[in-house]
Amino acid sequence: MSNSIILGCGDVGRRIVNVLLAQQVEPANIIAFVNSSASLESAHTLGVEAFKFDLDSVDEAMVTWLTKCQSADCYYTIAPQKQGEQDLRSRALLTLFSAHQINPKKILLISTTGVYGDAKGAWVSEKTPVNPQSPRAKRRVDAEQTWKTFAKGRDIPMSILRVPGIYANSRLPRKRIASRTPVVRSDECGFSNRIHANDLAAAAVQAMQRACAIDTYNISDGKPGTISSYLQLVARYLGEPELPEIGLEEAEQLLSPQMLSYL
């Protein structure tokens with residue numbers, strides 16, 4: 001059995017590890033790459049080998065570890081850096097792969113439905129052209145293209161999962177609910193989509209195991225709704241009163257640019 005490499009073993013990466021372990025994959029066949037001491041400890045708790053590395057400061061010393069990606073199933077869950085329109089982290093890693101002829105057996109890339117931009121309420125599918133409108137989305141499109149070019153040039157099967165908002169009990173916006181930050185009235189904000197973190201992990205493993213070409217999938221729980229209705233639902237789940245509602249015009253003065261971008 002080939003190794004499964006989790007490049008970016010944070011919350012979703014650890015859930016992927018749990019799916020693999022539940023399928024009776026031996027811990028010795030799973031290797032995690034992390035960027036924090038906390039994630040390193042969490043990976044060791046799962047019983048898998050783990051290495052700490054930083055794609056913002058790449059050096060040749062990483063190559064010894066990265067050779068473990070050779071002929072392995074590689075799950076890439078690392079988000080791009082927070083500035084610019086290119087994913088410099090993916091580019092740095094694949095530069096090392098290319099220089100040292102490291103070729104995974106298969107690749108799974110976690111991307112975002114944000115690559116479609118604002119569809120003005122229209123439905124999108126995998127055939128919808130990308131239309132990134134924020135630097136964050138442009139970085140994700142760059143990541144997709146960078147990885148696809150690498151995989152295509154080496155005839156490596158690859159699955160891209162375009163993921164919307166991820167939810168789970170451990171990921172609920174408790175601080176936002178507690179702060180009583182207002183939400184925009186649902187009739188004034190667009191629809192969005194979500195996926196439970198466990199369902200995303202299961203989908204990632206399925207897509208990896210079935211990959212035979214370069215394919216893209218939108219991964220969602222199939223129940224779109226406004227982010228405001230989601231936040232009100234979370235408030236009720238947490239036993240908190242409903243959040244105050246405001247109009248979009250007022251929200252543009254009160255909410256952060258990041259929150260507004262989701263609206």
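Guide: Two strands are said to pair if DSSP finds at least two bridges between them. In this predicted model, Leu109 stands opposite Ile160 in β6.

Visitor: What makes strand β5 and β6 a pair?

Guide: Six bridges join β5, residues 106-112, to β6, and the two run parallel. The requirement is at least two bridges, so β5 and β6 pair.

Visitor: How do you know that β6 also pairs with strand β11?

Guide: Five bridges join β6 to β11, residues 214-218, again in a parallel arrangement. Because at least two bridges are required, this too is a pair. Within it, Met158 stands opposite Ile214 in β11.

Visitor: Why is strand β6 described as mostly covered?

Guide: Of the six residues in β6 (residues 158-163), six are buried. Buried means under 20% relative accessible area. On one side lie Met158, Ile160 and Arg162, and on the other Ser159, Leu161 and Val163; all are buried, so both faces are covered.

Visitor: Why do side chains of a strand fall on two sides?

Guide: In a regular strand the side chains alternate between the two faces of the sheet.

Visitor: Which helix belongs with β5 and β6 in a β-α-β unit?

Guide: Helix α5 does, and the unit formed by β5, α5 and β6 is right-handed. Thr146 lies in α5, which spans residues 135-154.

Visitor: Why is Thr146 called buried?

Guide: Its relative accessible area is 17%. The cut-off is under 20%, therefore Thr146 counts as buried. Leaving aside residues up to four places away in sequence, Thr146 touches Arg91 and Leu94.

Terms used. Residues are numbered from 1 along each chain as its sequence is written. This is a predicted model: local features need pLDDT of at least 70, side-chain atom pairs count only at pLDDT 80 or more; totals for chains, interfaces and linings use all residues. Side-chain values use heavy atoms; hydrogens and water are left out. Helices (H or I, at least four residues) and strands (E, at least two) are DSSP runs, numbered from the N terminus. Buried means under 20% relative accessible area, exposed over 50%, partly exposed in between (1.4 Å probe, protein chains only). Contact means heavy atoms within 4.5 Å. A crossover is right-handed if, with the strands pointing away from the viewer, the path from the first strand over the helix to the second runs clockwise.
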